[in-house]
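Please read them with the structure open.

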Amino acid sequence: SKKIEQLVQSIKLLHNSKPFLRNFNMFSQISFYQNILKRDYLPNKLLKYVNSIKKLEPKLYLPNDILVPCHNDLLPANLINKDNQILIIDFDYSGNNDPCFELGNLSVEMEYDNEQINNLVKSYYGEKNESIISRVNLQSIVSDIGWSLWSYVQAKNSNLNFDYSAHAIYRLERAINKMESKEYELWQNNI
């Protein structure tokens, strides 16, 4: 769609810019959040899936020279449409990363369906490639697990008037649904 193409144009502008000074790795963030939560509370249900998702890290690994500057937190609130151009704001979690993580995170934040994910991949890469689509889907699960843990940390520590626990559960359940789907194994075999 036109909106996806416009969004990809802004993302590619970022991805083609000069590398950031640091990398962002959601697997490292998952371990960091997990360590914080071990002191207080980590739901058993979450632990099972966190351990399972960590097994994807070697499969999704990319060397540093393949990583690109990424925002890593592209949610609607961080995208501003001004004069028919999409501006990206709030670079708190920016760092060099796999472009498929960026697209996977975006796909869950925007709640894209399979057709929209296919269009996102085609718009970014110029083709609908099953290996890349699988990688984007797997990275979307990594994103949901990571931001679910982040939300549990916020539930314990934030003073903001936001139901971080409900947000954590929503993201965790979305990730679990994908991990328990018949496509999950297919995606792993495709990359």
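1. Start with D73. The model is predicted, and in it D73 is buried but forms no salt bridge. The nearest side chain of opposite charge is R171, 6.1 Å away.

2. Where does D73 lie? It sits in the loop between strand 1 (68-70) and strand 2 (79-82). Beyond its neighbours within four places in sequence, D73 contacts N78, Y93, E102, N105, E109 and W147.

3. R171 does have a partner elsewhere. Its side chain meets that of E109 in a salt bridge, at 2.8 Å from N to O. R171 counts as buried because its relative accessibility is 2%. E109 is buried too, at 16%. Note that E109 is also on the contact list of D73.

4. R174 is in helix 8, while E111 is in the loop between helix 5 and helix 6 (114-125); they are 63 residues apart. Are these residues buried or exposed? R174 is buried, at 16% relative accessibility. E111 is exposed, at 52%.

5. Look at these pairs together. E109, E111, D144, R171 and R174 are linked in a network of salt bridges. How many salt bridges does the whole structure hold? The search finds 6. Among them is E183 with K182, at 4.0 Å from N to O. E183 is partly exposed, at 30% relative accessibility. K182 is exposed, at 73%.

6. The largest nonpolar core has 31 residues, and I53, I141, V142 and I145 have the most contacts inside it. Two or more residues each come from helix 2 (26-38), helix 3 (44-54), helix 7 (130-157), helix 8 (164-179) and helix 9 (182-190). Helix 7 gives the largest share, 9 residues.

7. Not counting residues up to four places away in sequence, I53 touches F27, I30, I141, V142, I145, M179 and Y184. Another core lies apart from the largest one. This other core has 19 residues, including I4, I11, L74 and I132.

8. I80, L87 and I89 make a nonpolar patch of about 200 Å². I89 lies in the loop between strand 3 (85-88) and strand 4 (95-97). I89 counts as partly exposed because its relative accessibility is 33%.

9. Finally, D90. This residue is also placed in the loop between strand 3 and strand 4. D90 is partly exposed, with a relative accessible area of 35%. Setting aside neighbours within four places in sequence, D90 contacts H71 and N78. D90 and N78 are 12 residues apart in sequence, and their C-alpha atoms are 6.1 Å apart. N78 is also among the contacts of D73.

Terms used:
Residues are numbered from 1 along each chain as its sequence is written. This is a predicted model: local features need pLDDT of at least 70, side-chain atom pairs count only at pLDDT 80 or more; totals for chains, interfaces and linings use all residues. Side-chain values use heavy atoms; hydrogens and water are left out. A nonpolar core is a set of buried Ala, Val, Leu, Ile, Met, Phe, Trp, Tyr and Cys residues joined through side-chain atoms within 4.5 Å. Buried means under 20% relative accessible area, exposed over 50%, partly exposed in between (1.4 Å probe, protein chains only). Helices (H or I, at least four residues) and strands (E, at least two) are DSSP runs, numbered from the N terminus. Contact means heavy atoms within 4.5 Å. Lys and Arg count as positive and Asp and Glu as negative; His and the chain ends are not counted. Patches are made of residues with over 30% relative accessible area and no salt bridge: like charges are joined within 9 Å, nonpolar side chains (Val, Leu, Ile, Met, Phe, Trp, Tyr) within 5 Å. Accessible areas come from the Shrake-Rupley method with a 1.4 Å probe; for residues, only the protein chains shown count as cover.
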